[in-house]
Amino acid sequence: MSDHIVKAYDEDLANLKTMLAQMGGLAEDHLAKAIDALSKRDTKLADVVIAQDEKIDALELQLEERAILTIAKRQPMARDLREIMVAIRIASDLERIGDLAKNIAKRTHAINEQLPRKLAAGLTRMGRLSLEELKDVLDAYTTTDDNKALDVWRNDGELDALYNSIFRELLTYMMEDPRMIGPCTHLLFGAKNFERIGDHATNIAENIYYLVHGQPLREERPKKDTTSTTAFDSMNER
Amino acid sequence: MDAMVNTPLAENAPRIAREKPLKIRARNVDVYYGEKHAIKGLNIDIPDGAVSAFIGPSGCGKSTFLRSINRMNDTIPSCRVTGNIEIDNRDIYDKKLDVVQLRARIGMVFQKPNPFPKSIYENVAYGPKIHGLSKGKADLEEIVVTSLKKAGLFEEVKDRLDHSGTSLSGGQQQRLCIARAIAVNPEVILMDEPCSALDPIATARIEELIDELRQNFCIVIVTHSMQQAARVSQLTAFFHLGNLVEVGDTDEIFTAPKDKRTQDYITGRFG
């Protein structure tokens with residue numbers, strides 16, 4: 001898009017994009033490290049993720065402040081306004097993703113100590129899927145590619161499906177051996193976290209769509225997470 | 001000229017135009033100042049009971065079109081208007097139409113407040129008097145008070161109605177001009193940058209007033225302040241180089257305009 005008559009306005013908007021790119025980079029990095037910590041049983045790496053989350057939080061605050069200042073100073077209209085609103089919303093999604101990665105890192109301690117390796121494998125797979133989604137949606141944002149954003153939005157169902165199967169698998173383990181309830185609960189929360197990260201990625205995708213079209217995405221997203229309505233049938237059978 | 005056929009509104013017509021009755025309709029309007037083609041083939045439907053804002057860079061034709069609505073352009077010898085402008089389905093360029101009567105139905109407020117060098121009372125009473133709208137002194141006084149009240153000025157001037165209109169502050173003068181405009185009970189109020197000479201507080205008062213008046217009038221406002229257009233209007237029309245580029249619900253024009261030229265102008269990108 002052509003430049004503003006007031007050059008400082010362009011800089012304001014470019015700054016927001018840069019800060020968001022930084023936040024996105026950090027969120028991606030933390031998530032990747034949390035997954036590594038899980039798959040390699042590296043609790044030191046997990047601690048790094050826990051310690052670094054503050055950075056994302058601080059960046060979000062900074063971005064919000066700059067966005068508010070830009071709104072006050074420039075009274076943005078049309079796409080500029082959407083650009084700023086979307087930046088604020090995406091920043092909040094990224095901050096949440098950071099929190100979720102941190103939470104996974106925290107659980108890594110317990111999971112690594114108490115669980116046989118193969119049980120955590122499904123979780124790692126979910127992690128990689130969620131990381132891929134995050135990467136793709138951040139790319140879509142950087143290049144303002146609404147089609148790519150829509151792909152992420154549609155493909156999140158895969159992550160949901162994986163979550164369902166892990167959920168059921170873990171239930172079985174817990175029913176077989178009550179000693180597994182503690183560690184499996186950690187796994188379950190971990191899995192839920194990855195599933196939530198996918199949801200945040202789809203939020204970001206929806207925002208990209210809104211940025212480009214000026215209209216919210218009105219389609220219903222294909223959701224495959226059925227765990228909240230799963231009845232504990234097998235338990236009742238006993 | 002025959003009245004235009006009542007064509008149904010298109011699917012994509014602005015929401016406000018579908019919700020409110022039609023007041024002003026322009027079809028294929030061209031305006032020339034001598035050789036200069038100031039407005040090119042303009043078509044627009046302006047709803048009643050709503051505020052319509054015309055925006056666009058200087059020289060885009062928005063004021064020219066505004067002045068075609070009350071035939072003020074007639075006073076410019078080199079000006080020529082072709083096409084069709086109707087108010088309530090009546091062609092206003094019809095040769096049989098009395099221009100004075102037309103202008104009594106259309107109030108106008110200008111950029112710079114221009115009260116008559118007369119008392120506040122006389123400023124408002126003048127119009128009703130010359131148009132014979134009052135049935136006597138008491139009735140006239142009633143019209144003056146009501147108009148001043150509607151313009152949100154009465155409380156501030158009720159003790160000095162005999163003072164000169166020009167003794168008021170800029171914002172008050174502008175509200176006096178609005179009171180003067182509505183005293184003749186017009187149907188349409190045209191405003192040509194009514195706040196550009198006012199401070200933010202006086203501007204806010206006028207905007208509040210416009211919002212109240214829109215219940216009973218068809219208001220058309222030309223403004224250079226995009227924020228003002230966004231705040232006060234329900235319909236926005238963007239003019240550029242004599243073309244009406246885009247008309248739409250104000251909410252949409254300022255958040256998601258369809259035309260790139262609109263987008264560039266309202267976001268401050270115009271070269």
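## Chatting through a two-chain model

Colleague: Which way do strands β1 and β2 of chain B run, and how many bridges join them?
Modeller: They run antiparallel, with eight bridges joining β1 (residues 22-33) to β2 (residues 36-47). Strands here are DSSP runs of E at least two residues long, helices are runs of H or I of at least four, and both are numbered from the N terminus. Two strands pair if DSSP finds at least two bridges between them.

Colleague: Before we go on, what kind of model is this?
Modeller: It is a predicted model, in which local features need pLDDT of at least 70 and side-chain atom pairs count only at pLDDT 80 or more, while totals for chains, interfaces and linings use all residues. Residues are numbered from 1 along each chain as its sequence is written, and chains are lettered from A and ligands numbered from 1 in the order in which they are written.

Colleague: Thanks! Back to that pair: what do β1(B) and β2(B) form, and how many residues sit between them?
Modeller: They form a hairpin, with two residues between the strands. G34(B) lies in the turn and has a positive phi of about 60°.

Colleague: And which residue in β2(B) stands opposite A26(B)?
Modeller: That one is I44(B).

Colleague: What about β1(B) and β4(B), how many bridges there?
Modeller: Eight bridges, again in the antiparallel sense, link β1(B) with β4 (residues 79-87) of chain B. To find that pairing on screen, look for R25(B), which stands opposite E86(B), or for Y33(B), whose bridge partner is C79(B).

Colleague: So what order do the four strands of that open sheet have?
Modeller: Along the sheet, you go β2-β1-β4-β5 in chain B, with antiparallel pairing. The edges are β2 and β5 (90-91), each pairing on one side only.

Colleague: In what order do the strands of the open sheet with six strands come?
Modeller: That order is β6-β7-β8-β3-β9-β10 in chain B, and here the pairing is mixed. Its edge strands are β6 (106-109) and β10 (243-249), which each pair on one side only. At the β6 end, four bridges join β6(B) to β7 (residues 188-192), and those two run parallel. One spot to look for is I106(B), whose bridge partner in β7(B) is V188(B).

Colleague: How many residues of helix α2(B) are buried?
Modeller: Eight of its eight residues, so the helix is mostly covered. Buried means 20 or more other C-beta atoms (placed from the backbone) within 10 Å of a residue's own; 12 or fewer would be exposed, and anything in between partly exposed. Among the buried ones are K62(B), F65(B), R67(B) and I69(B). After the helix comes R71(B), with a positive phi near 55°.

Colleague: New topic: why does L148(B) count as buried?
Modeller: Because 27 other C-beta atoms lie within 10 Å of L148(B). This leucine is found in helix α5 (residues 137-150) of chain B. Leaving out residues up to four places away in sequence, L148(B) touches V124(B), L153(B), F154(B), V157(B) and A179(B). Touching, or contact, means C-beta atoms, placed from the backbone, within 7 Å. R175(B) is 27 residues away along the chain, yet the C-alpha atoms of R175(B) and L148(B) are separated by 8.1 Å.

Colleague: Now chain A. How many helices and strands does it have?
Modeller: Seven helices and zero strands. The C-alpha trace of chain A spans about 70 × 40 × 25 Å along its principal axes, and 39% of its 238 residues count as buried. For contacts between residues at least 6 apart in sequence, 82% join residues at least 24 apart.

Colleague: How far does helix α2 of chain A reach?
Modeller: From first C-alpha to last, α2 (residues 43-74) of chain A reaches 47 Å over its 32 residues, close to the 46 Å expected. The expected span is 1.5 Å times one less than the number of residues.

Colleague: Where does α2(A) bend?
Modeller: At A51(A), by about 30°. That is the angle between axes fitted to the seven residues ending there and the seven starting there. The buried residues of α2(A) include I50(A), D53(A), I56(A) and L63(A), and their cover includes α1 (7-39) and α3 of chain A. Q75(A) follows the helix, with a positive phi near 45°.

Colleague: Last one: how many residues does the contact take from chain A and from chain B?
Modeller: It takes 14 from chain A and 13 from chain B. On the chain A side, helix α3 (residues 78-114) gives the most, with four residues.

Methods. Contact = placed C-beta atoms within 7 Å.
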